[in-house]
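The sequence and the model are shown first, and the description follows.

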Amino acid sequence: MSADDPLAPYEKRRRPPMDAYRRHRPVHGGAGHLRPDEPRVLEEWSGFAYEVVGTADNLAAAQGWVNELHVGDDPAA
C-alpha cells in the first residue's frame with residue numbers, strides 16, 4: 001500500500017479472494033475436479049462479490065473460459 005494514496009485500503013478490499021477474477025463451480029456442488037463431464041456455473045468478480053455470468057457444458061470448457069482472462073486485462077471489459 002502506498003502512504004500517498006488515501007484510497008489504497010479500499011482498493012485492496014475490492015480485490016477478489018486469491019486474485020481470481022473468474023472461477024467455475026459444479027452445478028450440483030461437490031469438488032471441482034470430480035465428474036468432468038457435468039455442467040459448470042461460471043462466476044466473475046464484480047468488485048464486491050462473485051456473480052453468475054453463465055454456464056459451461058463441462059470442466060474443459062469452464063477452464064478455458066477462466067483462462068481467457070489474462071493478468072493485466074480489465075475484468076469489467
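## The sheet and its surroundings

In this predicted model, three strands form an open sheet in the order β1-β2-β3, and their pairing is antiparallel. The edges of the sheet are β1 (22–26) and β3 (50–56), each of which pairs on one side only. From one strand to the next, the twist averages 30°. Helix α2 (residues 59–68) packs on this sheet and touches β1, β2 and β3. The direction of α2 makes about 165° with that of β1.

Strands of a sheet pair through backbone hydrogen bonds, in either a parallel or an antiparallel way. Here, β1 and β2 (residues 40–45) pair in the antiparallel sense, with five bridges between them. Within this region, arginine 23 has glutamate 43 of β2 as its bridge partner.

The elements named above with their residue ranges are listed here.

| Element | Residues |
|---|---|
| β1 | 22–26 |
| β2 | 40–45 |
| β3 | 50–56 |
| α2 | 59–68 |

## The chain as a whole

The secondary structure of the chain consists of two helices and three strands. Read from the N terminus, the elements follow the order α-β-β-β-α.

The chain has 77 residues, and 23% of them are buried. Among the contacts with a separation of 6 or more, 31% join residues 24 or more positions apart.

Note on methods. Residues numbered from 1 in each chain as written. Predicted model: local features only at pLDDT ≥ 70, side-chain atom pairs only at ≥ 80, totals over all residues. Heavy atoms only, no water. Pairing = 2+ DSSP bridges. Helix = DSSP H or I, 4+ residues; strand = E, 2+ residues; numbered from the N terminus. Axes fitted to C-alpha atoms, helices over the stretch in contact; angles between N-to-C directions. Contact = heavy atoms within 4.5 Å. Buried < 20%, exposed > 50% of the residue type's maximum accessible area, 1.4 Å probe, protein only.
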